Amino acid sequence: MIELEQLTQAIVRGDRRSAADLVRRGLEGGMDPRPLLDAMVAGMDEIGGRFKRNEVFVPEMLIASRAMKEAIALLEPRLAAGGYRPVATAVLGTVQGDLHDIGKNLVAMMWKGANIAVVDLGTNVPPERFVEAARAHHARFVGLSALLTTTMPAMKATVQAVKSAGLAGVQVVVGGAPITADFARQIGADGFAPDAASAVDLLRGLMGDATASGGATEAS
């Protein structure tokens, strides 16, 4: 039987080999996969908190996220077989005209680390693809990323396309270097996150406050 705290700290350190080995040993020893997942989520929460306090930076976040990705790949078949499902599904992409993906990829890994299924559409994604993917995957969230100020109109057009598509219960969240909470409210987004760690808090907040209204929610 492995110590779950060891797994949590392996994720925090970004130690892919140790994280995968601990998960493998836990499964081989007959452990329920859910506590293993919870331990990894706790690690991502810890590294996210350190990031927001400026104790670590993007490279450390990426390393931890990659450790999480490698370890969770071992868990997914067991979780699926046991009927364990993600808490929500999010469609994610960089808006049309923008080819930047580092921030988007980091958000994707952080969301997956929080047990949110992610459908990553990549970069330069036109509005209709977001709509089609959200409908096909029964998404709860659509996440839009932009790095270039010139693609901010494309973000607005995408928010409008999703809102006009009549997708019941789907909420649109936005982020990226030029994006602000004020801009998010202006374009009708449901939420704004200034960084990847905050993007996790944002979705958790929206899921926990389904009755919230009155404009975009900003993650703290």
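Helices (H or I, at least four residues) and strands (E, at least two) are taken here as DSSP runs, numbered from the N terminus. The structure described is a predicted model, in which local features need pLDDT of at least 70 and side-chain atom pairs count only at pLDDT 80 or more, whereas totals for chains, interfaces and linings use all residues. Residues are numbered from 1 along each chain as its sequence is written, and side-chain values use heavy atoms, with hydrogens and water left out.

By this assignment, T8 lies in helix α1. With a relative accessibility of 6%, T8 counts as buried, where buried means under 20% relative accessible area, exposed means over 50%, and partly exposed covers the values in between (1.4 Å probe, protein chains only). When its neighbours within four places in sequence are left aside, T8 is in contact with A39, A42, G43 and E46, contact being defined as heavy atoms within 4.5 Å.

On the α1 side the contact involves Q6, L7, A10, I11 and R13, which meet S18, A19, L22 and V23 in α2. By class, this contact of α1 with α2 has six nonpolar, two polar and one charged residues, where Ala, Val, Leu, Ile, Met, Phe, Trp, Tyr, Cys and Pro count as nonpolar, Asp, Glu, Lys and Arg as charged, and the others, Gly among them, as polar.

Helix α2 packs in turn with α3, at an angle of about 160 degrees and with the axes 10 Å apart. These two helices, α2 and α3, are therefore roughly antiparallel to each other, and their crossing is right-handed. The residues that make the contact are V23, G26 and L27 of α2 together with P33, L36 and M40 of α3. Sorted by class, the contact of α2 with α3 has five nonpolar, one polar and no charged residues.

Charged pairs were examined next. Side chains of opposite charge can pair when their charged atoms come close. A search of the whole structure finds 11 salt bridges, each being a side-chain nitrogen of Lys or Arg within 4 Å of a carboxyl oxygen of Asp or Glu. One of them joins the side chains of R13 and D15, with an N to O distance of 3.5 Å; R13 counts as exposed at 52% relative accessibility, whereas D15 is partly exposed, with a relative accessible area of 25%. Another salt bridge is formed by D201 with K52, whose closest N and O atoms are 2.1 Å apart. This pair links distant parts of the chain, since D201 is in helix α9 (residues 196-208) and K52 is in helix α3 (residues 33-52), 149 residues apart. Both partners are partly exposed, D201 with a relative accessible area of 28% and K52 with one of 35%.

A further salt bridge connects D190 with K163, the closest N and O atoms being 2.5 Å apart. Because D190 lies in the loop between α8 (181-186) and β5 (191-192) and K163 in helix α7 (residues 152-164), the pair ties together parts that are 27 residues apart in sequence. D190 is buried, with a relative accessible area of 17%, whereas K163 is partly exposed at 39%.

D190 is also among the partners of Q171, a residue found in strand β4 (residues 171-175). Apart from neighbours within four places in sequence, Q171 is in contact with R140, F141, V142, D190 and L206, and Q171 counts as buried at 15% relative accessibility. Helix α7, in which K163 lies, also contains T158. At 0% relative accessibility, T158 counts as buried, and, with neighbours within four places in sequence left aside, T158 is in contact with V95, P127, F130 and L144.

Technical notes
Axes are lines fitted to C-alpha atoms, for helices over the stretch in contact, and angles run from 0 to 180 degrees between N-to-C directions. Angles under 35 degrees count as roughly parallel, over 145 as roughly antiparallel, 65 to 115 as roughly perpendicular and the rest as oblique. A crossing is left-handed if the near helix is turned anticlockwise from the far one by less than a right angle, and right-handed if clockwise.
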